[in-house]
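Please look over the structure below.

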Amino acid sequence: MRIAAYCRVSTAKEEQLDSLAHQKEFFQAYAQRNGYELVKIYADEGISGTRLQKREQFQALLHDAKDHRFELVVVKDISRFARNTVDFLQSVRALKELGVNTRFLTADMDSLGESEFVLTVFGALAQEESANLSKRVKFGKKLNAQKGRVPRCIYGYDRIDNFTLQINQAEADVVRLIYQMYVEQGLGCRTIAQQLDAWGYGTKQGCGWTPSAVHRILTNPIYCGHHVNHKYEVENYLTGRQRKLLPQEQYHHLRPQWAIVTPEQFEQAQAQRKARSQIQERDGHEVRRRYSACHAFSGLMICQECGRSFCRKTYTYAHTRIYWKCAGNDQGLCENRTKVEENQLLRAIAGYVMQGGPPAGQVEERLVHWALEHRDEGRKAADEWKRLERKEQRYAQLYANEAMTLEDFLEKRREIQARILTLQSLQNKSLLDVQQAQEWVRRQMDWREMTRTDMARLVERITVDGEGEVRVIFCRARGSLPG
């Protein structure tokens with residue numbers, strides 16, 4: 001008789017995988033002992049028994065059963081087959097219809113020989129065992145959350161034990177850079193991720209940055225010294241569906257020694273997130289304003305009629321024409337047909353600012369002076385880096401001359417390497433600051449090259465109504481410019 005065997009372990013831990021190997025050996029011995037032809041052993045590693053959808057090997061077993069590759073499926077225990085009574089009965093019935101018998105060795109039962117009532121009782125017992133296991137796991141996680149258990153892997157920190165973190169200085173510099181780019185420069189998560197990849201910064205696992213990874217850093221209060229546990233809870237152990245807990249149900253632990261950014265910086269980032277995802281209600285409908293930093297006026301120009309942002313359009317015939325129009329009108333959702341020419345708006349803003357703002361020469365002089373200060377910081381970091389390398393060479397010479405123990409040498413070397421990593425981050429940041437300052441000064445000479453970050457420092461918002469009136473509201477009480 002041709003038989004197939006199925007086995008499963010619910011976690012991918014080493015001891016569980018060892019158990020899986022023993023299960024495979026058991027089925028091979030069982031087939032030899034009974035004179036069966038063992039066609040294949042189907043084994044799912046690290047997969048829960050409460051759901052069939054993600055059990056690839058189990059699905060492969062059902063598929064091969066339709067091709068009549070075997071007449072009997074051998075399973076050591078019902079709980080290894082399924083912990084969900086409904087899935088258990090459906091699978092047994094599906095195999096029955098194909099003429100395939102299922103044998104559970106521990107209970108000494110065959111699906112073709114036993115009544116379905118008996119199989120249902122045993123399946124229900126396996127499901128109840130899974131329910132009790134889920135309760136125990138949930139209780140253990142809740143207890144650890146109350147004590148302040150920390151994540152196994154979190155960027156910016158090194159995990160000392162289950163409840164202690166230590167700031168990783170090199171990664172902490174990147175965290176501060178992310179907050180600076182988001183809050184001060186107005187960049188989005190996708191742009192920040194692309195910049196970090198371009199500069200060669202890796203994640204904790206050494207892979208590329210993603211917008212979601214940047215978003216997690218910007219929204220996790222642990223970076224300002226406020227550790228929050230027990231945010232989610234499994235609502236249904238059979239489906240694995242989770243629910244987000246209310247703030248009063250979560251566990252809050254103040255850890256000021258873990259702060260990488262100040263609470264004020266963290267709150268500024270949250271305020272930015274709220275402003276960027278602002279929802280307005282117009283005519284009984286919610287309108288979400290999409291945040292963008294692609295162009296100078298992205299997200300700053302708002303329709304007075306529907307509350308949506310204006311989008312940038314380019315038309316080329318004999319000459320290229322760039323204008324802005326309501327995104328709602330573009331989709332047939334708004335009656336505002338006003339089109340704002342980009343060059344005309346830039347000239348109007350530039351003229352207004354130049355009348356009441358500082359001369360361009362003073363702006364350039366102040367920013368260049370600021371850039372030179374940051375360049376000096378970068379040079380200081382490079383000088384200290386060279387001194388540390390020389391110090392490491394001296395320690396190596398002392399160890400070679402047996403004037404220092406191996407333990408002392410390794411400890412000194414670790415301290416030096418950690419400081420070098422920090423200096424490398426500072427040097428990269430200083431170089432970036434200088435380049436940004438020089439680029440900003442250059443753009444002031446040509447208003448057409450202003451970025452969205454530059455414009456947002458100057459303009460709070462621009463409103464446009466259906467009659468063609470354009471009103472520019474400036475930041476820092478500069479006043480407003482009617483169009």
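In this predicted model, Ile-217 is in contact with Tyr-155, Val-175, Ile-178, Tyr-179, Trp-209 and Tyr-223, leaving aside its neighbours within four places in sequence. Ile-217 has a relative accessibility of 3%, under the 20% cut-off, and therefore counts as buried. Gly-156 lies 61 residues from Ile-217 in sequence, while the C-alpha atoms of the two are 9.2 Å apart in space.

Ile-217 is part of helix H8. Helix H8 spans residues 211-219 and helix H9 spans residues 263-276; their axes come within 9 Å and cross at roughly 125°. On the H8 side, the contact is made by His-215, Leu-218 and Thr-219. H9 contributes Phe-266, Ala-269, Gln-270 and Arg-273. By type, the residues of this contact divide into three nonpolar, three polar and one charged.

Values for the chain are as follows.

| Property of the chain | Value |
|---|---|
| Buried residues | 41% of the 483 residues |
| Contacts joining residues at least 24 apart in sequence | 58% of contacts between residues at least 6 apart |
| Accessible surface belonging to carbon and sulfur atoms | 49% of about 27800 Å² |

The chain holds 14 helices and 20 strands. Ile-217, in helix H8, is one of its buried residues.

Definitions and conventions
Residues are numbered from 1 along each chain as its sequence is written. This is a predicted model: local features need pLDDT of at least 70, side-chain atom pairs count only at pLDDT 80 or more; totals for chains, interfaces and linings use all residues. Side-chain values use heavy atoms; hydrogens and water are left out. Axes are lines fitted to C-alpha atoms, for helices over the stretch in contact, and angles run from 0 to 180 degrees between N-to-C directions. Helices (H or I, at least four residues) and strands (E, at least two) are DSSP runs, numbered from the N terminus. Contact means heavy atoms within 4.5 Å. Ala, Val, Leu, Ile, Met, Phe, Trp, Tyr, Cys and Pro count as nonpolar, Asp, Glu, Lys and Arg as charged, and the others, Gly among them, as polar. Buried means under 20% relative accessible area, exposed over 50%, partly exposed in between (1.4 Å probe, protein chains only). Accessible areas come from the Shrake-Rupley method with a 1.4 Å probe; for residues, only the protein chains shown count as cover.
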